[in-house]
Number of protein chains: 2
Amino acid sequence: VRLLTLARDLRRRRARERQGLFVAEGVRAVEAALDGGVEARGAVAGPALDVTERGRVLRARLTAANIAVLDVDERDFVSAADTDAPQGVLLVAAQPPAPARLAEHPALLAAAGDAAPGRELRVLVLDAVQDPGNAGTLLRAAAGLGAAAVVALPGTVDLWSAKVVRAGMGAHFAVPTLAASVDALAAFLRAAEVPLWGADGGGGPVARAAADAPPRLALAVGNEGAGLTAAVRALASALVAVPSTGRVESFNVAVAGSILLYELRPASLRS
Amino acid sequence: VRLLTLARDLRRRRARERQGLFVAEGVRAVEAALDGGVEARGAVAGPALDVTERGRVLRARLTAANIAVLDVDERDFVSAADTDAPQGVLLVAAQPPAPARLAEHPALLAAAGDAAPGRELRVLVLDAVQDPGNAGTLLRAAAGLGAAAVVALPGTVDLWSAKVVRAGMGAHFAVPTLAASVDALAAFLRAAEVPLWGADGGGGPVARAAADAPPRLALAVGNEGAGLTAAVRALASALVAVPSTGRVESFNVAVAGSILLYELRPASLRS
């Protein structure tokens, strides 16, 4: 029952931050977390889990991995669940340890510290992206399109909320994520000599800019309604846009960010 | 009160299809519907509407457009609302008339019937896309990236559900949408000599394929979990993929579809 109380508590961002834990909910999200090798504290199972074959396989996998499974009734499960139609399984696990400073991040150091020609670096910066689905979808795109890390600036949804974890579909365990202040980001970009480009509907066409993209590059995408913050605009050396017919006011931020990451993808993804 | 009952009823797909009506909910969605010139049957306003300046401006706009506004209390508003945190406004309006057959669709006829060299056609086909947010986001991307129409095959979420309309951010009024059977799609593609390409993680890299893309092209994207149906695969002359590091199993379908539409965009969006 202590695990159930913990899972309920972890629905609050403050509790997740204080404890360094998160909750993966649903069969796919729990599978992805296990695939990603997370350090699990335990699982909670509701009656719905054993209804499907995939659910039963997952239960066996949890048991085989020596992860304690707490069985609760439907009502208790719902009290800790994030979704309206819960699939009867959630996993409490540790967030990967966050570095104290952006520039200490091992993946970024490894990529940015290597000055070998052709060594590329892509970093995605979320500048107050608020919708959990958009943030998770961007994380997933960043992992697939070769970003070395995803940086969440203030105002961005907690990347370890259950909804972001679910939308990330395993990306949280495939690409390092870290929260940082704008000052910390600026210091890292300066020290590692990484230019920042900003996504903005008024920017130049990205296909043209991509031809001259530097090997190391950070890309910032902004809030769903307000776009990039003034502080991030001030840091950006260029603004780039996805070309549009103008028949809609803008693209969804996850779509725009993904198209930009695609157009600026590293050489290993070009063929 | 009859309008409130109607709005409640329209939360069901069957009711929307039978009556040819839909509901736009929230300030932005109602603004977009009005911008799109929809034929409105009336608006319902809750107490939340007049709290914001933008809400008051919208009320004035509804009144100026001679659209009846029914004021109801919070509880009644919530009874008809689709969202958890309703913004206090919804608009009941007519769906644009759907053609009896795919090939009668005026926009498609205009684009496909014109054999002038360089005349391009892009059609997005949703093959059992189930998530309303994904469907609306794809509609929005299709409108911005130059598609002439969006075709929803069986198994796809109703494009006129409140969640799809909201995620579309006005795209429903910028690009024609229509539901069709696979047979109807096949007949149209054959008659108009439009090849179909399918989005599939196992397909060839889209950048290479794009170099030889025909001027007229339909692109099908599949279900979030299962991908393209066998029937649509059988219709496709090529399968194309977004290149991936493989660090995630797949991309979100709205992201993948948007990147493919971007890579296959018409010449007018290249510069």
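1. Between chain B and chain A there are 15 residue pairs in polar contact, both residues at pLDDT 80 or more; a polar contact is a pair of N or O atoms within 3.5 Å, where within protein one must be able to donate a hydrogen and the other to accept it, and residues adjacent in sequence count only if both atoms are side-chain atoms. On the side of chain B that touches chain A, helix H7 (132-144), helix H10 (206-210) and helix H12 (253-263) of chain B each supply at least two residues. Helices are DSSP runs of H or I with at least four residues, and strands are runs of E with at least two, numbered from the N terminus.

2. This is a predicted model, in which local features need pLDDT of at least 70 and side-chain atom pairs count only at pLDDT 80 or more, while totals for chains, interfaces and linings use all residues. Residues are numbered from 1 along each chain as its sequence is written, chains are lettered from A and ligands numbered from 1 in the order in which they are written, and side-chain values use heavy atoms, with hydrogens and water left out.

3. Chain B and chain A bury about 3,000 Å² between them, 57% of it on carbon and sulfur atoms; buried area is the accessible area (1.4 Å probe) that two parts lose on being put together, summed over both. In chain B, the most area is lost to chain A by Arg140(B), Arg247(B) and Tyr262(B), together 23% of what that side buries.

4. The two chains share two salt bridges, a salt bridge being a side-chain nitrogen of Lys or Arg within 4 Å of a carboxyl oxygen of Asp or Glu. Glu249(A) forms a salt bridge with Arg28(B), with the closest N and O atoms 3.5 Å apart.

5. Within chain B, Arg8(B) and Asp76(B) form a salt bridge whose closest N and O atoms are 3.6 Å apart. Arg8(B) belongs to helix H1 (residues 2-9) and Asp76(B) to helix H5 (residues 74-80) of chain B, so the pair ties together parts 68 residues apart in sequence. Arg8(B) is partly exposed at 29% relative accessibility, and Asp76(B) is partly exposed at 31%; buried means under 20% relative accessible area, exposed over 50%, and partly exposed in between (1.4 Å probe, protein chains only).

6. Thr156(B) lies in the loop between strand S6 (149-152) and helix H8 (162-168) of chain B. Thr156(B) is buried, with a relative accessible area of 3%. A polar atom of its side chain lies 2.9 Å from the backbone nitrogen of Ala128(B).
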